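Reader: Could you walk me through how the helices in this one pack? I'd like the cut-offs spelled out as we go.

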Amino acid sequence: MKNMKIKSVAFGFLMYVILKTAFLGSGMSYIFSTSLTSSVFCIIVGFLISFIFLFLIYKLINILPEYSIIEKINILFKGPSKIFINVSLFIISLLSAIFAFSSICNFVTIEFLDNTPKILICLLLFITIFYLSQKDVEVLSRFALIGGSICFISFVLNNLSLLSYIDISNLKPYLSEQPIDLIKATITFAILFSGPMFFLTMIPRKCIVEDNKKFRKNMIFFFSLSGGELIIIFFTVLCVLGIDITRLYNYSVFVVLRNINVLNFLENVEDVAAVRWFIYLTISVTLSIMFAKEEINICYKVKNKKLLSYLICGGVFIVSFILINFNYNFDVGSYVIVPLLLFSYLILITFIVLIKYYFYKNKKTFCDTNNNL
């Protein structure tokens with residue numbers, strides 16, 4: 001991995017894509033059902049709060065720049081604490097991949113192929129993920145650059161076609177919900193939106209070719225682009241459908257797009273949105289699998305890396321299929337609460353590693369000073 005060369009734009013598109021993956025289905029549905037017509041206000045505030053985690057991730061990537069986050073943990077921590085953190089990160093990366101893949105499989109099953117065997121749907125959707133997971137993050141970043149660009153163009157065209165359907169009165173009443181519900185929706189959005197960024201720390205800073213100033217600007221730009229896109233999506237869905245109809249559907253964006261055309265000639269644009277979500281989740285699942293592979297490779301020096309990749313991919317596929325096959329569909333416990341807990345833990349680990357590095361740096365400086373004396 002250390003021989004990779006990734007442009008900060010490709011890194012930015014990788015971020016742009018994975019930040020939205022928690023809001024396909026229940027993530028968006030949960031925020032709408034919790035904060036109702038105040039949803040747009042809550043996600044704007046949540047988006048601003050999530051800039052704190054963006055700053056922390058930027059710092060985390062830049063400390064010990066020649067190492068990935070896994071190597072940094074091995075340097076900074078010793079004994080049981082190092083083992084616990086590495087094992088927990090491995091489990092979280094697998095669970096993240098499982099829930100994201102289950103999400104896209106459920107979506108395709110419910111909206112398109114409800115009479116098709118679920119095993120066939122899972123196999124067809126997993127082919128791209130399996131292929132990409134055999135490559136490195138540099139290849140995935142190029143795929144994100146191309147796929148993310150196409151997705152953004154699709155998003156712009158879709159929203160231009162919806163302008164005539166927007167009814168601002170659907171945003172009323174303003175801030176009429178209980179304060180606790182607004183806080184819950186705001187914090188939920190901030191965590192679900194910013195948490196996936198942690199997986200990007202598997203890329204050593206020295207593998208990103210641009211200087212810190214350009215890298216920082218691109219991180220802020222693509223982070224803002226992704227957050228702005230979600231704000232527009234929430235705003236558009238609420239203004240077009242109204243809160244009463246929006247709460248009825250897990251895939252409210254899909255419902256909105258069913259009845260429009262682009263530039264008065266392109267119909268069935270909801271299928272284009274489905275492709276966009278597939279690209280988002282494919283990249284997210286692949287990145288999580290790559291993180292799990294890197295965790296094992298670095299900690300245990302596995303010689304047969306191809307076999308390890310097959311085992312991890314097979315495990316993600318089998319567990320995801322079991323969840324789908326037992327109709328473990330879009331309930332809050334599976335697709336909101338669990339990712340919320342996982343990403344909260346990743347945010348906590350970010351704080352812990354940065355604090356540990358602060359003491360590590362001070363201790364190293366003190367030791368170097370004594371040696372010079």
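Author: Helix axes here are lines fitted to C-alpha atoms over the stretch in contact, and angles run from 0 to 180 degrees between N-to-C directions. Helices are DSSP runs of H or I with at least four residues, strands are E runs of at least two, and both are numbered from the N terminus. This is a predicted model: local features need pLDDT of at least 70, side-chain atom pairs count only at pLDDT 80 or more, and totals for chains, interfaces and linings use all residues. Residues are numbered from 1 along each chain as its sequence is written, and side-chain values use heavy atoms, with hydrogens and water left out.

Reader: At what angle do H2 and H3 pack?

Author: H2 covers residues 26-35 and H3 covers residues 39-62. Their axes are 9 Å apart, and the packing angle is about 115 degrees.

Reader: Which residues of H3 does H2 meet there?

Author: Contact means heavy atoms within 4.5 Å. From H2, the residues involved are Ile31, Phe32 and Ser35, and their partners in H3 are Ser39, Cys42 and Ile43.

Reader: And by class, how many nonpolar residues are in the contact of H2 with H3?

Author: Ala, Val, Leu, Ile, Met, Phe, Trp, Tyr, Cys and Pro count as nonpolar, Asp, Glu, Lys and Arg as charged, and the others, Gly among them, as polar. On that scheme this contact has no charged residues and 2 polar ones, while the nonpolar number is 4.

Reader: How many residues of H2 are buried?

Author: Buried means under 20% relative accessible area, exposed over 50%, and partly exposed in between, with a 1.4 Å probe and protein chains only. Among the buried residues of H2 are Gly27, Met28 and Tyr30. H2 is largely enclosed by the rest of the structure, because the buried count out of its 10 residues is 9.

Reader: Moving along, is H7 roughly parallel or roughly antiparallel to H9?

Author: H7 (residues 137-161) and H9 (residues 212-241) have axes 12 Å apart and an angle of about 30 degrees. Angles under 35 degrees count as roughly parallel, over 145 as roughly antiparallel, 65 to 115 as roughly perpendicular and the rest as oblique. So H7 against H9 is roughly parallel.

Reader: Which residues of H9 are in that contact?

Author: H7 brings Phe152, Phe155 and Asn159. The contact residues divide into 5 nonpolar, 2 polar and 1 charged. On the H9 side they are Leu225, Glu229, Ile232, Ile233 and Thr236.

Reader: Is Thr201 buried or exposed?

Author: Thr201 is in the loop between H8 and H9. Its contacts beyond four places in sequence include Ile57, Leu60 and Ile69. Relative accessibility is 1%, so Thr201 counts as buried.
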